[in-house]
Amino acid sequence: MADSFPVRFAICGVGHIGRRHAALVARHAGAALVALIDVRDELRAGLAAEFLGVPFFLSLEEYLQTGPAADVLTVATPNGLHAPQAVAGLRAGLHVVVEKPIALRKTDAELIVHTALQTGRLVFGVMQNRYSPPAAWLKQVYDEGRLGEVFLVQLNCFWNRDARYYQAGGWKGTQALDGGTLFTQFSHFVDLLYWVFGDITNITARFRDFTHAGITEFEDSGLVTFDLVRGGSGTLSYSTAVWDRNLESSLTVVAARGSLKIGGQYLDKVEYCHLQDYALPPLLPTNPANDYGPYQGSAANHVQVIENVVDTLQKRSFATTNALEGLKVVEIIERIYALR
């Protein structure tokens with residue numbers, strides 16, 4: 001694809017995140033928004049006013065049969081729909097951007113990977129937290145060997161997700177379409193764990209539901225322990241039962257050559273760094289959190305995701321998050337949830 005041609009995007013699922021994708025695509029000089037797809041016809045008028053001239057379709061099937069040509073299908077629908085819609089897009093000859101998680105089962109994620117290979121199309125997993133400066137710094141420090149042998153890794157994710165978030169009759173909180181707290185809220189942190197430190201084994205877990213009985217079909221809190229395949233051990237403690245607002249997302253590392261901690265509400269700042277023969281360089285500020293009114297999400301780094309897709313398809317870069325990595329995150333969460 002020549003640089004002069006914009007990369008054409010069709011967005012499937014135009015809720016909070018899908019609308020963010022659409023807005024970023026519409027603003028990007030190297031991209032073009034060619035279609036919006038959502039089952040909720042009541043969104044049509046508002047989207048028509050916001051995205052002038054962009055056609056609206058009530059189903060992915062309708063778009064694929066009658067819609068304008070595109071290069072990329074962005075899948076931002078409920079979690080349980082990601083895999084079948086991604087596969088449909090690939091089989092229609094489109095590259096696919098899939099919001100996290102790429103699937104709720106390893107077998108479905110494998111089907112995405114195999115279909116991408118068969119069709120010669122690319123799959124981009126949305127793991128935008130990799131673009132946050134503290135995360136990128138941690139990856140660099142680890143890859144350069146500055147930590148030495150890793151002893152302990154501790155991930156804490158303590159958020160608020162109450163009845164304001166789990167609307168009655170919605171897909172969030174259901175086993176079939178949401179999949180669980182680790183998939184919807186904390187897959188970013190499982191991805192960070194895998195991206196930096198590699199795979200885990202010898203998993204133990206305990207799950208509790210403190211405040212979400214009758215609101216969700218799964219746990220709101222968990223305590224997970226594991227060993228790192230490369231050496232060292234770790235814990236993942238998570239909860240959506242925090243009262244009123246998010247408390248923290250943090251990652252602490254104890255290693256042979258020092259210790260560090262990334263903290264804040266969204267792993268947005270380096271709170272501690274004491275490494276042998278090393279001084280922490282100044283880092284760029286982290287983007288603010290996605291704000292959904294009564295509750296907040298993780299850092300708003302989707303602009304870099306769109307940038308990477310455009311640059312990759314215009315042969316100026318390569319995919320920073322591929323389907324195989326998305327598959328590994330699904331597989332790790334599936335292994336944890338097998339202990340429920």
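User: What should I know about the model before reading it?

Analyst: This is a predicted model, in which local features need pLDDT of at least 70 and side-chain atom pairs count only at pLDDT 80 or more, while totals for chains, interfaces and linings use all residues. Residues are numbered from 1 along each chain as its sequence is written, and side-chain values use heavy atoms, with hydrogens and water left out.

User: What is the order of the strands in the open sheet?

Analyst: In general, strands of a sheet pair through backbone hydrogen bonds, either parallel or antiparallel. Here the open sheet has 7 strands in the order 8-9-10-7-11-12-13, with mixed pairing (two strands pair if DSSP finds at least two bridges between them; strands are DSSP runs of E, at least two residues, and helices are runs of H or I, at least four residues, both numbered from the N terminus). Strand 8 (200-208) and strand 13 (269-275) are the edge strands, each pairing on one side only. Strand 9 (residues 221-228) and strand 10 (residues 233-239) pair in the antiparallel sense over 7 bridges, and Thr225 has Thr235 in strand 10 as its bridge partner.

User: Which strands does helix 10 touch?

Analyst: Helix 10 (residues 323-337) packs on the sheet and touches strand 8, strand 9 and strand 10, where contact means heavy atoms within 4.5 Å.

User: How many residues of helix 8 are buried?

Analyst: Buried means under 20% relative accessible area, exposed means over 50%, and partly exposed lies in between, using a 1.4 Å probe and protein chains only. In helix 8 (residues 187-197), 10 of the 11 residues are buried, among them Phe189, Leu192 and Trp195. Just after helix 8, Gly198 takes a positive phi of about 90 degrees.

User: Which residue forms a salt bridge with Asp199?

Analyst: Side chains of opposite charge can pair when their charged atoms come close. A salt bridge here is a side-chain nitrogen of Lys or Arg within 4 Å of a carboxyl oxygen of Asp or Glu. Lys328 forms one with Asp199, the closest N and O atoms being 2.6 Å apart. Lys328 lies in helix 10 and Asp199 in the loop between helix 8 and strand 8, so the pair ties together parts that are 129 residues apart in sequence.

User: Is Lys328 buried or exposed?

Analyst: Lys328 counts as buried at 16% relative accessibility, whereas Asp199 counts as partly exposed at 22%. Salt bridges that share partners also join Asp199, Lys328, Glu331 and Arg335 into one network.

Terms used:
Axes are lines fitted to C-alpha atoms, for helices over the stretch in contact, and angles run from 0 to 180 degrees between N-to-C directions.
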